[in-house]
Amino acid sequence: MQNDISVGSPCDNAVTAKIMGNPADCHQGFALNEGIIQLFDTGQGNIAIVVAGYNPADTRNAAAVLANYVDYKSILNGAKVIVRKVNNQLTVTQPSSSGGGGGSGGATNQCSYPLKVDCNTREEADLVMNEWT
């Protein structure tokens, strides 16, 4: 595997399913009306960013946050963030420490690298990906 950004839930995207350990229930770790942006250590120094949601609308909301990272970069911290749309406003929060979803299975591990999405070019994105490893 290589450094990847995978968009879509395990229900919709086989790459995401593989990164997330091929969960038996493809909605495992997702809640209705929530999207995620999450980092996974895919081994051999590679990192994957999963942008997904319970349904396509939730995935689009998470993708909108990543696409407009400049507006959210101060709160894109940790290995996972939750994206919700409340009153037509996207909100980004850290997952609760009580768990509630998530969990990885299979050979891919959640990683402890910080989310850093403040790149303007492909070269800067590659540099950030290299910082994570």
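This note goes through the predicted model point by point, from the overall fold to single residues.

1. Basis. This is a predicted model, in which local features need pLDDT of at least 70 and side-chain atom pairs count only at pLDDT 80 or more, while totals for chains, interfaces and linings use all residues. Residues are numbered from 1 along each chain as its sequence is written, and side-chain values use heavy atoms, with hydrogens and water left out.

2. Overall make-up. The protein has four helices and six strands. Helices (H or I, at least four residues) and strands (E, at least two) are DSSP runs, numbered from the N terminus. Along the sequence their order is β-α-β-β-α-α-β-β-β-α.

3. Burial and surface. Of the 133 residues, 41% count as buried. Here buried means under 20% relative accessible area, exposed means over 50%, and partly exposed lies in between (1.4 Å probe, protein chains only). The accessible surface of the protein comes to about 7100 Å², and 47% of that belongs to carbon and sulfur atoms. These areas come from the Shrake-Rupley method with a 1.4 Å probe; for residues, only the protein chains shown count as cover.

4. Contacts along the chain. A contact means heavy atoms within 4.5 Å. Among contacts between residues at least 6 apart in sequence, 53% join residues at least 24 apart.

5. Strand pairing. Two strands are taken to pair if DSSP finds at least two bridges between them. Strand S2 (residues 35-43) pairs with strand S4 (residues 80-86) in the antiparallel sense over four bridges, and Ile36 stands opposite Ile82 in S4. S4 also pairs with strand S5 (residues 89-93), again in the antiparallel sense, over five bridges. Val83 has Val92 in S5 as its bridge partner. The hairpin of S4 and S5 has two residues between the strands, and Asn87 takes a positive phi near 50 degrees there.

6. Disulfide. The structure holds one disulfide, a term used for a pair of cysteine sulfur atoms within 2.5 Å. The disulfide joins Cys11 to Cys26, with an S to S distance of 1.9 Å. The link is right-handed, with 90 degrees about the S-S bond. Cys11 lies in the loop between strand S1 (4-7) and helix H1 (14-19), and Cys26 in the loop between H1 and S2, so the pair ties together parts that are 15 residues apart in sequence. Cys11 is partly exposed at a relative accessible area of 30%, and Cys26 is partly exposed at 25%.

7. Salt bridge. Side chains of opposite charge can pair when their charged atoms come close. The structure holds one salt bridge, defined as a side-chain nitrogen of Lys or Arg within 4 Å of a carboxyl oxygen of Asp or Glu. The side chains of Glu34 and Arg84 form the salt bridge, at 2.8 Å from N to O. This pair links distant parts of the chain: Glu34 is in the loop between H1 and S2 and Arg84 is in strand S4, 50 residues apart. Glu34 is buried, with a relative accessible area of 18%, whereas Arg84 is partly exposed at 28%.

8. Pro95. Pro95 sits in the loop between S5 and strand S6 (109-110) and is partly exposed, at 34% relative accessibility. Leaving aside residues up to four places away in sequence, Pro95 touches Lys80, Val81 and Ile82. Pro95 and Ala79 are 16 residues apart in sequence, and their C-alpha atoms are 9.8 Å apart in space.
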